[in-house]
Structures are given as C-alpha cells and as structure tokens.
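Please show me the model for this report. I would like a short tour, chain by chain.

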Amino acid sequence: MRTTTGKTTGIPAQRPPSETGGDPARGRGRRAGAPPRHDAQRRRMARTGWTYTAPSLAVIGAITLFPIVFSLVLSFSEVRIGYGGFVVERLTLDNYLALVRSSDWYYALGFTVFYTVVTVAAEVVLGVLAALVMERLSASRGWMMALMLIPWSMITVVSARLWAYMYDSSYGVITWLLQNVFGANPLILGTPASAIGAMAVADIWKTTPFVAIIVLAGLVMLPRDVYESAEVDGAGPWTMFWRITLPQLRPTIAVAVLFRILQAFGVFDLPFVLTGGGPGIATQSLAVMGYKVLFQDLNIGAGAAIATSTGLLVAGACLLFLKVFRAQVGKEDVA
Amino acid sequence: MHLSRRGLLTGGVVLAATALAGCGGDARPPVTAADIAPPTEPVTIDWMAPELLTNDGKDLRRSMVRTFQERFPEITVRLVQVPPTTDVRRTTLTTQIASGAVTPDVYLGDCAWPAQFAHNSLAMPLGRVADDEEFWSKYPEEVVSSISYQGQVYAFPCYLDLAFLYYRADLLDKHGLQVPATWEELRRTALRLIDTGDVRYGLVWQGMSGEPLTCNVSEFVADAGGALMDPDARRVRADSPEGRHALTFMTELISSGVSPEAVGTFAEEQTLTAFAGGQAAFLRNWSYAWGSANDPASSLVAGKVDAVLRPTFDGAGAARHSTLGGWHNFVNPHTAHPGAAVAFARWVAEEEAQTLMAATSPYLPTLSKVLYNPEIAGRDKPTNRLSADADIVLRPFGSPHYPAISKAVYTGVNRLLVDGADPGAVGDTLTEVARGMALARDGVAL
C-alpha cells in the first residue's frame, strides 16, 4: 500500500477508495503485506470518531429518524388508541387507499401545490427586487433590513390573526378601504378565490423579507470586477442584471427557493388561524387536512398516511428542483 | 465501526417496531371508578380547565377549589392552564393521555367528546347509569345521554350551554314591533328594522366552516321537525324534506338580505361583535352572550338587549329548540390518584358546587334542581329563566366519529352559503352532506 503525499503542503492526501482496498473496518480486501499498524490506527480513530458523535447521532435518531419511521409504520397500520397507547390491529394499505379515493385529499394536494408555486414565485420576484434596492442603500441599509425583518420575525399565528382582523367583513380595515375607496363590497374570506388570494398576500407579506435577506447576502458577495469589465464593454444596467447578476445569484436563489418550498408545502398555521381551511375546504392544505384527520377525528393511520405522503411529495419536489437547477447550471458551465 | 444509511434506517425501523409492540393497549382501563374510594392520605391532583369568570370578573375555578378543599382537606387541587381553543385542547389531551401521562388527573372537556374519548381510551369509565340511578336522575336526561357511551358514563356534568335569540328590545319598542315567535315573522321584522336604517343586518348567526354551523343546522332542521341522524347516531336523516326546508330557509336568510352575505365567515366572535356593535337586530348565540352584550365596557347596546328562546317555523308547533352545549369533567384513565380525581369531578357536579356556579357566574348549572330554580341564579338573567322551557337538540354525539360527521355537515353547508346561497343547490348539498355523514359514521371518511 502506497502513501501519497501532497507535493506542496506535505499533508497526506486522501486516497481514492480503489487504493484503500475497501473499508478497513470490514477487514476484507486488504492486500497481503499491508502494515497492520496503520489499520489499527484507523480503527482506533474511527472508534474515537463514533464515540464523539454517538450522542449527536442518538439525538438525531430519537427526534428525526424514529418519528419518521414510526409515522411510516403507522401509515401502513390499522391503529387505534388503547389504554396502553397505540394498538396496531393489523398492517394494511387501507389508509393510502382512503387517500386516493378521497376528493378532499386531491383538492388539498392541488391547493397546496398551487399555493406553493404562486407564493414562492411571487416571493422570489419581490425578494430579488427588494434585495437589489437594499444593496444600493448605504447608511440606511441596516435600518431597512431591520424594518423588513419585522414581518418575518412575527409569529405566524399572531400575524394571521392580525390579517383576519383586517380582512373581517364587518370591521376590517381592508374591507372598509375596498368599500369606501373602490366602491366594492367584498367578502374577502367568504369566497374561495378571494380567501386563497388573501392567504397568499399574508404569506407573501411575511416571507418576502426572508428571501430578500438571503438574496442580499448573495448580492454583496458578487465580484465587482466583472461589473467593471462589463461596463468597459458597454453593457447597460439591464444587460448586466440579466447576464451577470441573475446567473451568479442562481445558487443563492436556489437555496431560498428550497427553503420556501419546504415551508410553503407544509403550510399549516396561516390557514389554521386565518380561515380554518374554509370557506368549505377552499384553503385546506395537506397539513391542515392531516391535522384534522389526526387530531380531530383521531384517525391515526390515515393521518399518518397524509403526513407521510406529504413528506414524500415535498422531498420529491425538492429533489426535482435541485436536479433541474443542476442541469441548468451544468449547461451554462459548458456554454 | 461502520454504520451505513441502510443500517441507520434498519435501526429506525427496529426502534419503531419495538415502540409499536411496546405500546400495545390493553382491553380495559388501568382503573375504573368502581374500584376506588376517596383517599385517606393527603394527595394533590391537577385540574385542567379554562378560566371560568364569575359575574364580578373573578375566577370561578378558584372559589370552587377552595370550597372543595374545605370539604376534602386531604385533597389539594392544582389548576393547570389550558390551550386557548377547543381543538387545541383536544389535541393536547389526546397526545398527552394517549402517551400514558398521569396528569391532568381531571380535565374539563367539551360535551361533544365523550363517545370519541371513550372509544379511544382517553377517559375513565365512571360506571353505568343503572348502577347509580339516584345520582344520575338529578340531571336532564339529554345531558346524561350526551356523556354516555355503550352504557357507561364518561364524565361528570359541569355546566350547560344553550342557544338563545338575543334581540334589540329598544328597537322593537321604538317601532312598535313584537318579539317574533316564528322564523317567518322574524324575517319580516328584521327587514323592517333594516329599512328603518337603525341596523345594518337583521339576523346574525354562525355560518363559518366549523362546529357552530353544525349547531345552527341541527337547530333549524329540528325546527322543521327533523333531525340530522337517529338518536343512536346510526341512520343518517339529513337528506329529508325537513332538511331541505331548513337549508332553504338558511339560504333565503342571506338572499333576502336578512343575514349578511358574510355570515358564511361568521364564527361566534364575529356575530357577537356585529350585535354588540349595534349592527344587527337579532343574534343567535350561546348563554355567555347575555353578559357580553350587556357589558357597557364592550357593548354599544348594553341595557338595550333582551333574550328569548329561538323561534320555530310557522305551523311547526310550540317546541323551542336549542342545541345542547357545555363542558364536563373527565377523569384521566392513567391518573395516579383515581379516588381523589373522581371525588373532585363528582363534587363539581353536585349541589354545593352547582349552586355556587349558578349564584356567582353566568354558567348554566347541570343539576336540574339548581338549573330550574331561577331564585338561585337571579331572575334578572333570562338565560337561566328560559332554560327550563328549551327543547334540547342533541347532535349525534353517540358516535365515536362525531367530529368527522360534523365536518361533513359544516363543510357542505358552508360551501352552499358562500357559493351564492342558491336555494336551488340545497338538494345537491343535502345529498353530498348525507353521503359524507354516512362515510364518517362508518369511520372511513377523511
């Protein structure tokens, strides 16, 4: 077995797997004559590493892995609550069959996807615009950032309640404005389309600052010399934005979009407080539906199936987004 | 040492399977009320109940606990704060008790919970009515029925809630109008009052997608002579001529302008705000609204309000219907102090506590001899005086799937109300509601 050494630093370089003869911990595939002292040292180091990371892994296992797997198992079970806890009667696919036969589930899925696409798209556009404006501010940037963070820092239950007061059809200030300024007689939370719109506005108001701050962080890191060269070449502001700023911001925007997809797909507190999922089931997201099935109806198996399927869908959506994003970046690198 | 992702996942599955195997429930509760007696040693129990305000703004829970501890000095009762809404309380209690928590020992729960909580082992069975007929005969039959499931009682009654029609007595006097005895008369009176410009709305009620809408629907269907389900919550009867009559009238309240279009977004809070703000002539609400509407600090119509039992339909007889509401004390089946918990929950249902409640608070007692004795509560409170004449409507509480049944009712009817309130769509709505209720009854609705 060879040991390669970094030419300039003298630090032992990491060996490719083919040169290590497989995983030394397994004790297989090691070529005869390899120094046993080195393997023993690696095993000792591995043990030390596991010892140090074991507490963290135990916590992760307890609070992340276990609930996910537990929920997965419950979703395939006919389960009820007994005096000693959950009682699994049998394993079954009935919970998932109930989902695919439920028109309410299809509606909740469609609504959640639509809501995610619309709000995330709006937040990205507005967030980028806000970040571009803030980047040009000098002394007041700190104040502006602090002001912009107020909606984001507000607890959603509180902000949803405030929006509910403003939308109220009897005494809401927004209703009053629409009546007295525009002569309309709106029932903002009373019809499906306006309730969905009102909910999206409340979400965009709260979350755009989050996107703006992330994009701003990316903006200030962009190298200035590229802009100087472009300016020398005669590029205008619009060209520089489309050809330099936006392409370079893509990784930053991707991070923001990923976070937002995760949050928007699991939206719960806003519809729960603002509309209760109504009118009818117009604003019932998958999370609200899961909550109602699980905690109002105490239908444990079906509730777990909704939670599990939602988790899989959002993971799939994120992976798809990343794949598309990487493919796009790869194309640009080649170009 | 090597731990692959597959290894981690396998570990998780094994852990989950172990947990599932380990939490297999037994067929009977750890203790039953029949096994126990009040303690002789000092014990402390936790009571989870929302703040109950007395007429002078004090906490009724504290005065009840103080009086109880004078009778049972060996039992100390600690008050536990509760989450703000009924739904969140149910969630908290479900997760807590299902995981075997021994506290709270006693909790105040909604009258709609007994069958569901009994079915899911979240409440201790407290014995059969037949085993203690002398005790249970002191309460209205409908109350005892609402807290029973499969022959067992699962809660001790605490307080009732009934629905009343509140009205602007000053406006009726001003325009020489009578208090309406029927819904048709109320519609005419409301339209006249709107025409005078004294009010913006005629009648406000709870049409939002939620449990209060199920209460309103149950009452209107009862007014028309029908019911949503049979008393044993097995046969769905919503899609009936009586159901059609009720829903058609509800939509006409909106289309004729008696009720605002926004009523489909009104929960109790919004209706009370509209009425207390002087915008509405009539309000359907629970007994607590009497105090709120007459509180000068929060109401523009304080002192101008009176209450009657809800009207009925023309030619439907003399019955004045009100949905049964209220809260009762359940005992945690895992409590470490079942004797003390049962002693306390039972004491709250008995005469001393019920009299204290009636004399000092706006809550309606459940004990018949106190409830039907207006001298105790005071004759100036019409809600107590009227309750003896109310015809109680029971929602299908007897089903352990009641929340899903109710959801089928309120989502379907709310959709009808907000979607143009078209009387022509009533038939389809009722068919859809009845189908949803049947699926919910069978436990297969989502």
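The sections below take the basis of the model, then chain A, then chain B.

## Basis of the model

This is a predicted model: local features need pLDDT of at least 70, side-chain atom pairs count only at pLDDT 80 or more, and totals for chains, interfaces and linings use all residues. Residues are numbered from 1 along each chain as its sequence is written, while chains are lettered from A and ligands numbered from 1 in the order in which they are written.

Two residues are in contact if their C-beta atoms, placed from the backbone, lie within 7 Å. Where pLDDT is low, the predicted coordinates should not be read in detail.

Chain A has 13 helices and two strands. Both kinds of element are DSSP runs, numbered from the N terminus: helices are H or I with at least four residues, strands are E with at least two. Chain A has 335 residues, of which 33% count as buried. Buried means 20 or more other C-beta atoms within 10 Å of the residue's own, exposed means 12 or fewer, and partly exposed lies in between; C-beta atoms are placed from the backbone. Take the contacts in chain A between residues at least 6 apart in sequence: 62% of them join residues at least 24 apart.

## Chain A: annotated regions

The unreviewed UniProt entry annotates residues 109-323 of chain A as "domain: ABC transmembrane type-1". UniProt positions are given in the numbering used here, feature names are shortened, and annotations may be inferred rather than shown by experiment. In the model, this span is 80% helix and 0% strand. Its end C-alpha atoms lie 22 Å apart.

The entry also gives "transmembrane region" annotations in chain A, including residues 105-133 and 145-164. Residues 105-133 of chain A are 100% helix, with end C-alpha atoms 41 Å apart. Residues 145-164 of chain A are 90% helix, and there the end C-alpha atoms are 26 Å apart.

Chain A is assigned domain 1 (35-95) and domain 2 (101-334). Such bounds come from an automatic or database domain assignment. The C-alpha centres of the two domains of chain A lie 33 Å apart. Their contact takes 10 residues from domain 1 and eight residues from domain 2 of chain A. On the domain 1 side, helix H2 (36-75) and strand S1 (77-82) of chain A each give two or more residues.

Gly278(A) and Pro279(A) are joined by a cis peptide bond, with omega about 0 degrees. Pro279(A) sits in the loop between helix H11 (269-274) and helix H12 (286-296) of chain A.

## Chain B: domains and sheet

Both domains of chain B are made of two segments: domain 1 is 35-154 + 325-390, and domain 2 is 163-323 + 396-441. Their C-alpha centres lie 29 Å apart. The contact takes 15 residues from domain 1 of chain B and 19 residues from domain 2 of chain B. On the domain 1 side, helix H4 (114-119) and helix H17 (382-387) of chain B each supply at least two residues. H4(B) gives the most, with four residues.

Six strands of chain B form an open, mixed sheet in the order S2-S1-S3-S12-S6-S13. Its edge strands are S2 (75-80) and S13 (364-365) of chain B. Strands pair if DSSP finds at least two bridges between them. Two bridges join the parallel strands S1 (43-48) and S3 (106-110) of chain B. Trp47(B) has Val106(B) in S3(B) as its bridge partner.

## Chain B: local backbone points

The peptide bond from Thr103(B) to Pro104(B) is cis, with omega near -5 degrees. Pro104(B) lies in the loop between helix H3 (86-98) and S3 of chain B.

Gln150(B) is in the loop between strand S4 (148-149) and strand S5 (152-153) of chain B. Gln150(B) is exposed because it has 12 other C-beta atoms within 10 Å. Ala233(B), in the loop between helix H9 (211-223) and helix H10 (241-255) of chain B, is buried because 21 other C-beta atoms lie within 10 Å.
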